[in-house]
Each structure stands twice: as structure tokens, then as C-alpha cells.
Amino acid sequence: VWRGYHFSLVDTAGLARADDQIEMAAQDQIREIATSASVILVVIDAANMITEEDQSAARLALKTGKPVILVLGKADTAGTIVEDEFRRLGIQTIIAVSAIHGRGTGDLLDAITEQIERIPEPKADDVVRLALIGRPNVGKSSLLNRIMGKQHAIVSDVAGTTRDTSVGMVRSHDRTIEILDTAGIRRRGKIAPGVEKFSSLRTMTAIREADVCLLVLDANDGIVAGDLNLAGAVLDAGKGLIIVMNKWDAVEKDEKTQARLTSKLESQFQFAWWAPLVYTSAVTGLHVNKLLELTLEIDGRRRQQIATGQFNRLLEKAIARQAPAGLKGKQPKINYGTQTGMNPPTFTIFCTYPDLIHFSYRRYIENQLREANDFTGTPIVLEFKHKHGENLRRKVR
Ligand code: GDP
């Protein structure tokens, strides 16, 4: 985050090897960047002469039509830098940085934020945005086709022509659901080796823009770290989550299989215990309709508002049963709380020593909230703040 602008920096494979496959992967990356990135940084060594690889990197970057910044790295070792010499790469904005000393990094960040827009506030329309995320081959596209109906053709993108993140709209229960593009949906079958990072960048973008994410798993496979990371990313972004066990038709099972698998999932995804779990088959259509229904339900819960009076009665009761623990004679005292946001539901609780509020106490308050209200499928954000703005003052100092 720089000056209120949020952005992700993505490192690419080096372009400095000339064998054809790498070069091809590089070309693919650049093409992928053209649809994913807002700004491209071409990084070269300030202490060296311009190489052929520098030139081809600059050329590829400029070809995308995106804003390009030339970063002269290792500026601390380069002596006096003559910018003019680097101008022949054709990039207008040139910034010398030293990663070791930090020199120029602020200027670079300024130059980046000049080129990007602040992330817009969530749109106030009635559309629910849905992202299907998950590892390759778990069945995302197949589920998408089921959801959208057979006749829907997935448009493949022409490189560099669009930043559109939508793959289509569906109507359900008088609501419009927009499906967002993630890696493995739109560019299925076209992902060259070496572009994995951009695929995950696209997934992160979809998560950020979504209201609800379907995390699709393959019922034939075990749960892997990648699945848990994706669920974590959804939580961090404060988005709704449904865990989808797909290919249920293909699993050899007896009457205990589902219960066993469910309990395994529940323990692995304990940090998202409130997320509904659905067993689906994109082949038979099992429970596919349920996915949209749940999505709309979760969207509704993300927009509910808890009255301040009700919330404070809940807080009082919770504190009476268990007050927050103190440390070294400092005892946090909770004064009051109020809901300060929707989508995701966000609550601010004013207290003394907010930094001392332990994770387990947060969890305790969250559980009380969930017991009293139905927040199935959505994370809840709890902020503990000092009632006199102590946090703010400390940051400024
Ligand atoms: P994606 O990479 O996540 O989009 O996965 P795909 O939709 O391309 O599916 C990968 C493979 O799994 C394809 O061969 C599908 O036919 C198959 N598949 C997808 N969903 C199901 C399902 O529910 N049951 C079975 N048996 N196969 C499925």
C-alpha cells in the first residue's frame, strides 16, 4: 500500500536466457501482463551497458500499450548515471533505485501510483459477483458451463484488447450474478509454462472483485496447501466462501465416505468453519443449482445490519461471562461497539489497550456474534480501537 493505493507487485521469470522456450514463455508472460497488469516495470542493471535482453524486454513491455517505467537497479554501484544513455530503450519514465540502500524506491512507488487508479469502492449496484477459484482440473470450467447453461460459449480473449474481468452474467431468483474470470476459466488450455504467477494474479484480482468465491476441490484428491492458501486469501479479502467438493460422481463410496470426508474438510478448513460445504458433480449436475442459491443467501447475510443496541447487549453479556485478559497490570476495558460496515460485515469495538486484545478473545466475540445472527458463508471483520483515538496518535508519532 502506498499513499492509499493498493497494488500487487509480481515478479516475472528473467528474460535473460535466449533459448527459444524461455523466450516463448516470456512472450506469453508479456501477453498475460497485457490483460492483468496496470503498470510494467522493466528492471535493468544501471552499472552495465544495455544488453540485447534489456532491449527485448523494453520492446515487449512497450508493445503492450501499458504504462512502462524503466527501473535502473543497483544504482549505488553505478556512479553517476547518465539517463540519456538509457533513453534509447524508448521508455519515458526512468527511475534509478538501489534495493540495498532503498534509494529511489519512494520515487518509484510514486511513479507507480501515478499510473494506477485507486481501487474503486464496491459498486452500489444489485449485481452479486462470483468467482470460481481452485487448482487446475478440479472442474471450474465444467461447473461454470453447468451454471451458465450449455449454450454459453466462453469467449477467449484476444491478447491486449481487454481488461474485462467478467465471463458472463446469470439470472437467478430475480438477481443478477456476474461470474468473474479466473485463471483456468478463460484461458483454459492456453496457459504456457512459466505463466503460473500471472494466473494467480488473475485469481487474486477476481477474489478482490468478488462478493462470494467458490473454492472448487476435486473429491478424488486430497486437500493440498494451495487449496488452503486460496481459502486464506478469500478470508483476508473479507469475501464470502463456499467450499465445493466437485467430481463427487467419480468417487467410489460407501455410506460413510461423505461423513469421513466432511470431517476431514472441517478440520483442515477450521479457520473458515462457517463456510458451507457442497458436494457437486459437473457431470451429473448434482447440487449445481444449490451453488447459486447459496451465493445469493451469503450475499444477503453480508449486507445485513445489526442494530447498535443489540450488538452492545451482546457485548455486555459476552464480557460479563468472560472479560478480555490483561497483561502486566494493563486491563483492556471494552466500552461499546457498533457495526461500521457491510459486505463484509465489519464491527468496531472501542476499548482501552486495543493492542492487548488476544486473538482468542476476538474469536470468542465473533462466535457470540455468529450465535446470535446468521453469518454463514461470510467472514466477519472485528476492529478493536481505542476510544480516544490512541492508535491514531501513536501512528502519527
Ligand atoms: P478446471 O481446470 O478447474 O476448469 O477443470 P475442468 O472443468 O477443465 O475439468 C477438468 C477435467 O475434470 C475435465 O476432464 C472434466 O471433464 C472433468 N470434470 C470436471 N468436473 C467433473 C465432475 O464433476 N465429475 C467428473 N467425473 N469429472 C469432472
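In this predicted model, His 173 sits in the loop that links strand E5 (166-172) to strand E6 (175-180). Its backbone has a positive phi of about 50°, although His 173 is not a glycine. His 173 counts as exposed because its relative accessible area is 58%, and the cut-off for exposed is over 50%.

A second residue with this backbone feature is Tyr 353, where phi is positive at about 45° and the residue is again not a glycine. Tyr 353 belongs to the loop between E11 and helix H11 (359-372). With a relative accessibility of 33%, Tyr 353 is partly exposed, since that class covers values between the 20% limit for buried and the 50% limit for exposed.

Another loop, between E10 and strand E11 (346-351), holds Pro 344. The peptide bond leading from Asn 343 to Pro 344 is cis, and its omega is near 10°.

Gln 322 is partly exposed, with 42% relative accessible area. Once neighbours within four places in sequence are set aside, Gln 322 is in contact with Tyr 361 and Tyr 364. The C-alpha atom of Gln 322 is separated by 9.9 Å from that of Ile 365, although the two residues are 43 residues apart along the chain.

Which residues is Ile 133 in contact with, leaving aside its neighbours within four places in sequence? They are Lys 140, Thr 182, Thr 203, Ile 207, Cys 213, Leu 214, Leu 215, Val 216, Leu 230 and Val 234.

The ligand is the remaining stop. Around the ligand are 17 residues, of which Asn 137, Ser 141, Ser 142, Asp 249 and Ala 282 come nearest. By residue class, this shell divides into five nonpolar, seven polar and five charged. Helix H5 (residues 140-148) gives the most to the shell, with three residues.

For Asn 137, a backbone N or O atom lies 2.6 Å from a ligand oxygen. Gly 139 also places a backbone N or O atom by a ligand oxygen, at 3.0 Å. Lys 247 uses its side chain instead, with a polar atom 3.0 Å from an oxygen atom of the ligand. On its own the ligand has 580 Å² of accessible area, and the protein covers 76% of this.

Key:
Residues are numbered from 1 along each chain as its sequence is written. This is a predicted model: local features need pLDDT of at least 70, side-chain atom pairs count only at pLDDT 80 or more; totals for chains, interfaces and linings use all residues. Side-chain values use heavy atoms; hydrogens and water are left out. Contact means heavy atoms within 4.5 Å. A residue is near a molecule or strand if one of its heavy atoms lies within 4 Å of it. A polar contact is a pair of N or O atoms within 3.5 Å; within protein, one must be able to donate a hydrogen and the other to accept it, and residues adjacent in sequence count only if both atoms are side-chain atoms. Accessible areas come from the Shrake-Rupley method with a 1.4 Å probe; for residues, only the protein chains shown count as cover. Helices (H or I, at least four residues) and strands (E, at least two) are DSSP runs, numbered from the N terminus. Ala, Val, Leu, Ile, Met, Phe, Trp, Tyr, Cys and Pro count as nonpolar, Asp, Glu, Lys and Arg as charged, and the others, Gly among them, as polar. Buried means under 20% relative accessible area, exposed over 50%, partly exposed in between (1.4 Å probe, protein chains only).
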